[in-house]
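Dear colleague,

Please find below the structure for your review. My notes on it follow directly after.

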Amino acid sequence: MTTHPDDILRLTVAPADDGGVCLRLAGELDWESAGDLVEAARAQLTRPPGPRTVHLDCAHLALCDSTGLSALLMVHRDVTAAGGLLRLDNRPAFLDRMLALTGTLDHLTGAAPQAGRLDDDGTDSPR
């Protein structure tokens, strides 16, 4: 399999406006990159005093497969265990659709699916 530059998950860490930390995700969150996300989040959680809120900015996320979903669940578990809150910011419609179909949307975001986000055929509807 050939790896293309767009296939790589790029993680950028920055302070969040609310005093937490923001991990910006760009590229594909899949079986090759899921461990990188989990490690990056855990590294932030171990820095004193540890962020109260961990934001995952998904605006430039191109793909999330089942292993990527597993990584999101692991990060949620770790953040919650550390007494923090996980926020999935700027979620693309495909990610909301995956979370809704797998029954993890409310668990990961604390929000029910937004009306009008998915058409009956599973395609994205206008926002």
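Which polar atom lies 2.6 Å from the backbone oxygen of Leu105? It belongs to the side chain of Thr109. Such a polar contact is a pair of N or O atoms within 3.5 Å; within protein, one must be able to donate a hydrogen and the other to accept it, and residues adjacent in sequence count only if both atoms are side-chain atoms.

This is a predicted model, in which local features need pLDDT of at least 70 and side-chain atom pairs count only at pLDDT 80 or more, while totals for chains, interfaces and linings use all residues. Residues are numbered from 1 along each chain as its sequence is written, and side-chain values use heavy atoms, with hydrogens and water left out.

Thr109 is found in helix H4; helices (H or I, at least four residues) and strands (E, at least two) are DSSP runs, numbered from the N terminus. Thr109 counts as buried because its relative accessibility is 18%, where buried means under 20% relative accessible area, exposed over 50% and partly exposed in between (1.4 Å probe, protein chains only). Leaving aside neighbours within four places in sequence, Thr109 is in contact (heavy atoms within 4.5 Å) with Leu88 and Arg91.

Turning to the sheet, four strands form an open arrangement in the order S1-S2-S3-S4, with mixed pairing; two strands pair if DSSP finds at least two bridges between them. The edge strands, S1 (10–15) and S4, each pair on one side only. S1 and S2 run antiparallel and are joined by six bridges, one of which links Thr12 to Arg24 in S2. These two strands form a hairpin with five residues between them, and Gly19 in the turn has a positive phi of about 90°. S3 and S4, by contrast, pair in the parallel sense over five bridges, and Val54 has Leu86 in S4 as its bridge partner. H1 packs on the sheet, touching S1, S2 and S3, and its direction makes about 175° with that of S2. Axes are lines fitted to C-alpha atoms, for helices over the stretch in contact, and angles run from 0 to 180 degrees between N-to-C directions.

The largest nonpolar core has 28 residues; such a core is a set of buried Ala, Val, Leu, Ile, Met, Phe, Trp, Tyr and Cys residues joined through side-chain atoms within 4.5 Å. Its largest share, six residues, comes from H1. Leu37 is among the residues with the most contacts inside the core.

Yours sincerely
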